Amino acid sequence: MSSLSVDHLIGIKHLQRSDIELIYKTAENFKDVINRPIKKVPSLRDITIANLFFENSTRTKLSFELAEKRLSADVINFSSGSSSVKKGETLIDTVNNILAMKVDMVVMRHPNPGAPYFLSQHVDAKIVNAGDGTHEHPTQALLDTFSIREKLGDLEGKKVVIVGDILHSRVALSNIYCLQKMGAEVMVCGPATLIPKYINELGVKVSHNLREALNWCDVANMLRIQLERQDMAYFPSLREYSMMFGLTKEILDSLDKEIIVMHPGPINRGVEITSDVADSGQSIILEQVENGVAVRMAVLYLLAGKIERES
Ligand code: CP
């Protein structure tokens, strides 16, 4: 297969395994490109991309912008905090005004689940979801699974535990979909209050015991507690959370196998993961960030191939 089955990247849920394999294969080629002395290719020279960020971001925003520039696209950036959204402009008006400037693709992060889907139904541009509320963060899952595959060779049969605030995490949901489509087994681990009630419908294992989960897995993906999305107290204190679910070097070294440690960032050092674990040889956190550029180049390149061009 040389083309994606979808016109927009709204979520991993809508992708087929063959789409994910195509994205990995294309990302491998772009990873070679960005490790060359000349890191740029002309693939998207005639394409204009708008990065619309209605919510804070460091990694995703910079990674998409770099990916777009490496592909030679024209790039415009929008952050809602410094925009006319503050004056009451609606999402659709904001986007239509940006599209009137002849934009071909939109990369959007938004606090509301479904906002990228809504956009894909109402505007004539390819949409890439860069994280929509607690729903999905598809490029994060693609870069996470690409990084595991790079380390372990294959995802089939691998055991991955996602630890932490599953309830509020778009990274968790996209990773669950992606890992399962690629044949991995998934466990989620955290306090019962931070595991969603619908979790059984997703076909994952559940544990409330970090040591048990770590003994089971090949890979541990440690998530941040999303205090900004929590409207009530889900656990007594961060200190208690950290004692029950924080990954320390002592726990890591006590396991009878060497597992891989991941984190999508931003890290809260000393809460979900200690510094010596985050910076250890078992951590692939910075490899995830590096792979993010190649994976996002692949997604943009493949979606741009679906733009109908005037002759
Ligand atoms: N992983 C991730 O989405 O990080 P940012 O919020 O910094 O983009």
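A salt bridge is taken here as a side-chain nitrogen of Lys or Arg within 4 Å of a carboxyl oxygen of Asp or Glu. The structure is a predicted model, in which local features need pLDDT of at least 70 and side-chain atom pairs count only at pLDDT 80 or more, while totals for chains, interfaces and linings use all residues. Residues are numbered from 1 along each chain as its sequence is written, and side-chain values use heavy atoms, with hydrogens and water left out.

The description may begin with the sheet. Helices (H or I, at least four residues) and strands (E, at least two) are DSSP runs numbered from the N terminus, and two strands pair if DSSP finds at least two bridges between them. An open sheet is formed by 5 strands in the order 7-6-5-8-9, and the pairing is parallel. Its edges are strand 7 (205-207) and strand 9 (260-262), each of which pairs on one side only. From one strand to the next, the twist averages 20°; axes are lines fitted to C-alpha atoms, for helices over the stretch in contact, and angles run from 0 to 180 degrees between N-to-C directions.

Helix 5 (residues 138-152) packs on this sheet and touches strand 5 (159-163), strand 8 and strand 9, contact meaning heavy atoms within 4.5 Å. The direction of helix 5 makes about 160° with that of strand 9. Strand 8 (residues 219-222) pairs with strand 9 in the parallel sense over 3 bridges. Val219 has Ile260 in strand 9 as its bridge partner.

Attention now turns to charged side chains. Side chains of opposite charge can pair when their charged atoms come close. The whole structure contains 11 salt bridges. One of them joins Glu55 to Arg170, with the closest N and O atoms 3.0 Å apart. This pair links distant parts of the chain, 115 residues apart: Glu55 lies in the loop between strand 1 (48-53) and helix 2 (59-70), and Arg170 in helix 6 (residues 170-181). Both residues, Glu55 and Arg170, are buried, where buried means under 20% relative accessible area, exposed over 50%, and partly exposed in between (1.4 Å probe, protein chains only).

Glu156 also forms a salt bridge, with Arg17, at 3.2 Å between the closest N and O atoms. Glu156 belongs to the loop between helix 5 and strand 5, and Arg17 to helix 1 (residues 17-34), 139 residues apart. Glu156 is partly exposed, at 41% relative accessible area, and Arg17 is partly exposed at 34%. A network of salt bridges links Arg17, Glu21 and Glu156.
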